[in-house]
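Biologist: I would like to learn how to read a helix and a strand in a model. Could we take them one at a time?

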Amino acid sequence: MTRRPLGGGAAVLIGFMGAGKSSVGRVVARRLGAEFVDLDARIESAAGRSVQEIFASQGEGVFRDLEKEAIRQAVSVPGRVLAAGGGAFCDAGNRALLKGYAPVVFLDASPETVIGRLSRDASRPLLQGGDREAKVRELMARRRPAYGKSDFGVSTDGLTVVQVAGRVVALLGDRKGRRK
Ligand code: S3P
């Protein structure tokens, strides 16, 4: 008998930029037979511009409002695997919606891993200009308490997307691994 995974096939992936939420989310959704929703992609299609353009022309506040709206819409349909942008879970309202929707899995990546993965990627507005390594360390440290409010944590350092997805799917099938 196959045990129905925790969350009935739905899950939320959170974590810092470069942790692999979108790539892992796609694989997890396929494995669970669920629809995959990338929240940043939803924001971009609703706004008709890229996240980078939204930050540049309208600022972070407008982006965070669009992000809240995208989350509200995403959780209105059950059974999805959601990948949330790195800042989404830091807002208490977003956190309540996401935690109420499905088990929340924190994809944990060390600052070194994130810096390596994003070294040739200029698409993250919050990491532009100045000392990128210092920015990653500072922002990650500031966000860690919020990420710790997830239901599960999976370390991604040194693992492939498929390996991380396998761990996520295993955790969802195992209530004992839950933090609280
Ligand atoms: C952000 C992360 C980005 C995107 C936006 C803000 C953040 O998503 O939502 O640039 O605040 O960490 P990824 O985590 O997918 O890079």
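Biologist: Which residues of helix H5 are buried?

Modeller: Keep in mind that this is a predicted model. Buried here means under 20% relative accessible area. In H5, which spans residues 92-101, Asn94, Arg95, Leu98 and Tyr101 are buried. These residues lie on the same side of H5, because they cover an arc of only 135 degrees around the axis.

Biologist: Which exposed residues does the face turned away from the buried side carry?

Modeller: That face of H5 carries Ala92, Ala96 and Gly100.

Biologist: What is found at the start of H5?

Modeller: There, a side-chain oxygen of aspartate 91 comes to within 3.0 Å of the backbone nitrogen of glycine 93.

Biologist: Now the strand. Why look at its two faces separately?

Modeller: Because side chains in a regular strand alternate between the two faces of the sheet. In S3, Arg80 and Leu82 are on one side, Val81 and Ala83 are on the other, and all are buried.

Biologist: Which strands pair with S3?

Modeller: S1 pairs with S3 in the parallel sense over three bridges. In that pairing, valine 12 has leucine 82 of S3 as its bridge partner. Strand S2 (residues 35-38) also pairs with S3 in the parallel sense, over four bridges. Here glutamate 35 has arginine 80 of S3 as its bridge partner.

Methods
Residues are numbered from 1 along each chain as its sequence is written. This is a predicted model: local features need pLDDT of at least 70, side-chain atom pairs count only at pLDDT 80 or more; totals for chains, interfaces and linings use all residues. Side-chain values use heavy atoms; hydrogens and water are left out. Buried means under 20% relative accessible area, exposed over 50%, partly exposed in between (1.4 Å probe, protein chains only). Helices (H or I, at least four residues) and strands (E, at least two) are DSSP runs, numbered from the N terminus. The arc is that of the directions from the helix axis to the C-beta atoms. A polar contact is a pair of N or O atoms within 3.5 Å; within protein, one must be able to donate a hydrogen and the other to accept it, and residues adjacent in sequence count only if both atoms are side-chain atoms. Two strands pair if DSSP finds at least two bridges between them.
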